[in-house]
Amino acid sequence: LCAACTSGTGTTNPAAEPDDPNPDKPPAEEDECPRLPGDSDRDRFVVVSYPVDENSRPASKHRVITLAKDGKLGAAVSEFELGAPTSGEIAFTPDGAIGVAVTDDGGLGVFELDGTGTARVVHDNLKSDSFWASRVFVDAPGKTLYVINSQWREHGGGISAFAIGCDGTLTFEAEIVSAKLPRAVEWLDEKRILVAAVDLGD
């Protein structure tokens, strides 16, 4: 698992060097928190949800467990509370630092993992009249969260987009498309998304 995102500190602007034909153009925007995947051969963490307690009542406990390079599970390193999960499915940013889960009342639980496996809850159960979450997917750069509402169109079915902040904070952007019974998305390339649904659009 990679360390948390960092900001660039350099001040040199290559675009403004003396030999540049356009020295007055603004500097290129730096990515404040690149969500780059870590080395494939590394220790990782597994996040396990416990949707019910010992009395079979809804629960919200999650536990972070080490996963060694040889595939063996190790000890639990931290625990946290994060809404009541629906299926145990968690979507992660490519660097594994931010995780998002759907709660049983259509909300979003968001947490951040540091390099030691310690979890920090960002949103315990983010809810709004703007969306109802059924499933979630993170795009390849790790900058946008797509939230699927798997209902019929007249009941809010569609896909919404949230910006993922460097600290994991989610900001609603827009409903990008209405749909009838959407279930999943898959990225074909940087501009095209394949959506599993009965139909899309109005």
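Because the model is predicted, local features need pLDDT of at least 70 and side-chain atom pairs count only at pLDDT 80 or more, while totals for chains, interfaces and linings use all residues; side-chain values use heavy atoms, leaving out hydrogens and water.

**Stop one: the sheet.** Select strands S8, S9, S10, S11 and S14, and you have an open, antiparallel sheet of five strands in that order. Strands here are DSSP runs of E with at least two residues, numbered from the N terminus, and two of them pair if DSSP finds at least two bridges between them. The edges are S8 (135–138) and S14 (199–200), each pairing on one side only. S8 and S9 run antiparallel, joined by four bridges; zoom in on Val-136 to find Val-147 of S9 opposite.

**Stop two: Trp-152.** Now move to the loop between S9 (144–149) and S10 (158–164), where Trp-152 sits. Trp-152 is partly exposed because its relative accessibility is 39% (the class between buried, under 20%, and exposed, over 50%, with a 1.4 Å probe and protein chains only). Lys-180 is 28 residues away in sequence, yet the C-alpha atoms are 4.6 Å apart.

**Stop three: His-123.** Select strand S7 (residues 119–126) and pick out His-123. His-123 counts as buried because its relative accessibility is 15%. Finally, show the backbone nitrogen of Leu-170, which lies 3.1 Å from a polar side-chain atom of His-123.

Key. Residues numbered from 1 in each chain as written. Polar contact = N/O pair within 3.5 Å; in protein donor to acceptor, adjacent residues only side chain to side chain.
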